[in-house]
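This note sets out points on secondary structure, packing and ligand surroundings for a colleague's review. Please read it alongside the sequence and coordinates.

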Amino acid sequence: MIVAEGLHKRFGDTRALRGLDLRVPAGTVCGVLGPNGAGKTTAVRILATLSDPDSGHARIAGHDVVREADRVRGLIGLAGQYAAVDEKLTGRDNLRMFGRLHHLSRAAARRRADELLERFGLAAAADRLVSGYSGGMRRRLDLIASLIVRPRVLFLDEPTTGLDPRSRGEIWDAVRALAGDGTTVLLTTQYLEEADRLADDIAVVDHGRVIATGAPDALKATIGDRLDVVLEDPALGDRAAAVLSALAGAAAEAEEDRLSVAVRGGRVRLADVVRELDRAGVAAADVALRRPTLDEVFLRLTDETPKEAAR
Ligand SMILES: Nc1ncnc2c1ncn2[C@@H]1O[C@H](COP(=O)(O)OP(=O)(O)O)[C@@H](O)[C@H]1O
Ligand SMILES: [Mg+2]
């Protein structure tokens, strides 16, 4: 549904995009994950026809975003980090106005606004001025506004940045509901947890290009699990580290009474860890295997980006 091939975009000396490729199948949620300045907004603006690439191509449902921009605009919705709603209107009036801007009849705009306010939990606040809304409510209203014309593809550019956890959860629920309807969603985020929770596939973006793609679990698997051990006696740290390093085939890191080592693909069993530590005379207060967090995945991936690519 969304295809980007070799997108380049330069602003003066800044190379915002340096060959960005992306493919998002219909009906899936793609999480574009990257730090500030990675090029996420630049990519979304190009895909949403708000800006042209210097080179490369992008298509939405097979339509070129430059040559068939009008056609593409009829298929997409866009909601962003900076809510575009009018403070001096009520939530309901904002939505009716968006509907009218999208050429719905007065009655249709009214119906659609009511339906969406109900569906996304803003009905009770619908007749209050937006100036009195919380940040989360504004962002939700902005998201609803982008749904007025039932887009097949929805772009959400950092929809939860700066929101408190509760508001973030509300946006997550809304995104899940949309995905459940079959809307294709491209969501940018700096939050690893957010991509992990919402996305079918994640594209990790750094310095204007995609450095890794995959389902959240697959990305996590690329760096393996971690084995964490807490010792009863921190003085035995060196001895324990030697045992763990031998088992995992990688150097164990020690910090006070805690040791941690990366383990690849099911190579270590907890029972063996406990037995080998015991044999070495080391008592463990806790032994656990855990999947890496996406933060760790991201650090690992950006670490491995060749210097050449990081310029
Ligand atoms: N209109 C612009 N003029 C100049 N530089 C820009 C402009 N838009 C983006 N940039 C630069 O391009 C890079 C990528 O920005 P952006 O796409 O906004 O990243 P992200 O959304 O991932 O934070 C940054 O270095 C940013 O400063
Ligand atoms: Mg941005």
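1. Conventions. The model is a predicted one: local features need pLDDT of at least 70, side-chain atom pairs count only at pLDDT 80 or more, and totals for chains, interfaces and linings use all residues. Residues are numbered from 1 along each chain as its sequence is written, while chains are lettered from A and ligands numbered from 1 in the order in which they are written.

2. Ligand shell. Around ligand 1 stand Phe11, Thr14, Ala16, Gly34, Asn36, Gly37, Ala38, Gly39, Lys40, Thr41 and Thr42 (near means that the C-beta atom, placed from the backbone, lies within 6 Å of the molecule or strand). At least two residues of this shell come from each of strand S2 (14–24) and helix H1 (40–47); helices (H or I, at least four residues) and strands (E, at least two) are DSSP runs, numbered from the N terminus. H1 gives the largest share, 3 residues. By class, the shell around ligand 1 holds 3 nonpolar, 7 polar and 1 charged, where Ala, Val, Leu, Ile, Met, Phe, Trp, Tyr, Cys and Pro count as nonpolar, Asp, Glu, Lys and Arg as charged, and the others, Gly among them, as polar.

3. Six-stranded sheet. An open sheet of 6 strands runs in the order S6-S7-S8-S3-S9-S10 with mixed pairing; two strands pair if DSSP finds at least two bridges between them. Strands S6 (76–79) and S10 (209–214) are at the edges with a single partner strand each, so one side of each has no neighbour in the sheet. From one strand to the next, the twist averages 15°. (Axes are lines fitted to C-alpha atoms, for helices over the stretch in contact, and angles run from 0 to 180 degrees between N-to-C directions.) Within this sheet, S3 (residues 29–33) and S9 (residues 201–206) pair in the parallel sense over 4 bridges, and Leu33 is opposite Val204 in S9. Helix H6 packs on the sheet, touching S3, S7 (153–157) and S8 (184–189), and its direction makes about 155° with that of S8; contact requires C-beta atoms, placed from the backbone, within 7 Å.

4. Four-stranded sheet. The order of this open sheet of 4 strands is S12-S13-S11-S14, and its pairing is antiparallel. S12 and S13 (residues 258–263) pair over 3 bridges, with Glu255 opposite Arg258 in S13. Helix H9 (residues 237–248) lies across S11 (225–231), S12 and S13, at about 10° to S13. Helix H10 (residues 270–279) lies across S11 and S14, at about 150° to S14.

5. Packing of H5 on H6. Helices H5 (residues 135–145) and H6 (residues 165–180) pack at about 15°, their axes 9 Å apart. H5 is therefore roughly parallel to H6 (angles under 35 degrees count as roughly parallel, over 145 as roughly antiparallel, 65 to 115 as roughly perpendicular and the rest as oblique). Gly135, Gly136, Arg139, Arg140 and Leu143 in H5 meet Arg166, Ser167, Glu170, Ile171 and Ala174 in H6. This contact has 3 nonpolar, 3 polar and 4 charged residues.

6. Packing of H3 on H5. The axes of H3 (residues 91–101) and H5 come within 10 Å and cross at roughly 25°, so the two helices are roughly parallel to each other. Gly91, Asn94, Leu95 and Phe98 of H3 make the contact with Leu141, Ile144 and Ala145 of H5. By class, the contact of H3 with H5 has 5 nonpolar, 2 polar and no charged residues.

Notes: Contact = placed C-beta atoms within 7 Å.
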